[in-house]
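Please examine the sequence and the structure shown below.

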Amino acid sequence: MMNYSLNEKTKAVEELLIGMGYKTNILEYTDPSTGEVKPTLYAIYHVPKGDDTEAMVLATPWNATDGRLNVGALSLTLGLARYFRRMSIWAKNIIIVFPQDGGDALRHWVDAYHTSLENTAGSIESAIVLDNPSSRDHIGYIELEYAGVNGQLPNLDYVNTIVQVAENEGIKVSLNHTPFGQLWTNDFYSRVVALIGGIFDIAGSGIKDFGNAQAFSGWNIQAVTLRAKEGDRNDITSLGLRLEV
């Protein structure tokens, strides 16, 4: 699939999701720089126990932040999609989105969902954007990004829950680009470095490296980006388990 065109990859994934029981739709996005029309596939699972008024989003861009194919995240997302359908515990509808990238393409879908799309699943309450271009079966740790545009931030309980659940299962979480070697450090210096990093992230949000969780800014959505960093400490399926929780 790595050598397929975007349209071919989108069609292949759409057929898989339809086979799982999802309702799929494609939103066309025109790249303003090239004029090329690109598809954004999204799939909806209307959960049987929900009231069809609220939804949560799992967004997996085809291209990771570094420009590589987001192969690890795509594989994990398709596995989770099958798992979601097998469980009946969900109270909110589930939307899975496959934009070309986490920048303009994802932002275009978010805006269209709230303004013009006919096939929706209720108000989006939370969103997670997955970024993992590695094809390896293991990860080192997770980098969590939460800064939105114009200083918008997700609920602190939402961020704390993700961190606590991950670390209780042995997955270290980096906030504000904290290096791997400092994830076990709990002194004054490391906390100041993390604080300053967070200030710069918030101040520069929307100016540099726009995309991923920032694409949900302005719609009162609790959104974060989870970026898997390469290493051998945890099996990739452990990340999927944390997303399910």
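**From the whole chain to one residue**

Of the 245 residues in the chain, 49% are buried, where buried means under 20% relative accessible area, exposed means over 50%, and partly exposed lies in between (1.4 Å probe, protein chains only). The model is a predicted one, in which local features need pLDDT of at least 70 and side-chain atom pairs count only at pLDDT 80 or more, while totals for chains, interfaces and linings use all residues. Residues are numbered from 1 along each chain as its sequence is written, and side-chain values use heavy atoms, with hydrogens and water left out.

The overall dimensions come next. The C-alpha trace spans about 50 × 40 × 40 Å along its principal axes. A compact globule of 245 residues would have a radius of gyration near 18 Å, and the 17 Å of the chain agrees with this; the radius is taken over C-alpha atoms, and the globule rule is 2.2 Å times the number of residues to the power 0.38.

The chain contains six helices and eight strands. Helices (H or I, at least four residues) and strands (E, at least two) are DSSP runs, numbered from the N terminus. Their order along the sequence is α-β-β-β-α-β-α-β-β-α-β-α-β-α. Among contacts between residues at least 6 apart in sequence, 77% join residues at least 24 apart, a contact being heavy atoms within 4.5 Å.

Consider now helix α1, which comprises residues 6-20. Its 15 residues reach 21 Å from the first C-alpha to the last, close to the 21 Å expected at 1.5 Å a residue; the expected span is 1.5 Å times one less than the number of residues. Which residues of α1 are buried? They are L6, K9, T10, V13, E14, L17 and M20. Seen down the axis of α1, these buried residues fall within an arc of 135°, so they line one face of the helix; the arc is that of the directions from the helix axis to the C-beta atoms. They pack against β1 (23-30), β2 (37-45), α2 (71-86) and β4 (93-98). The face turned away from the buried side carries the exposed residues E15 and G19. After α1 comes G21, with a positive phi near 105°.

Strand β4 includes N93. N93 is buried, with a relative accessible area of 1%. The side chain of N93 reaches the backbone nitrogen of V47 at 3.0 Å. Apart from its neighbours within four places in sequence, N93 is in contact with Y45, H46, V47, D52, E54, A55, M56 and A121.

Terms used. Polar contact = N/O pair within 3.5 Å; in protein donor to acceptor, adjacent residues only side chain to side chain.
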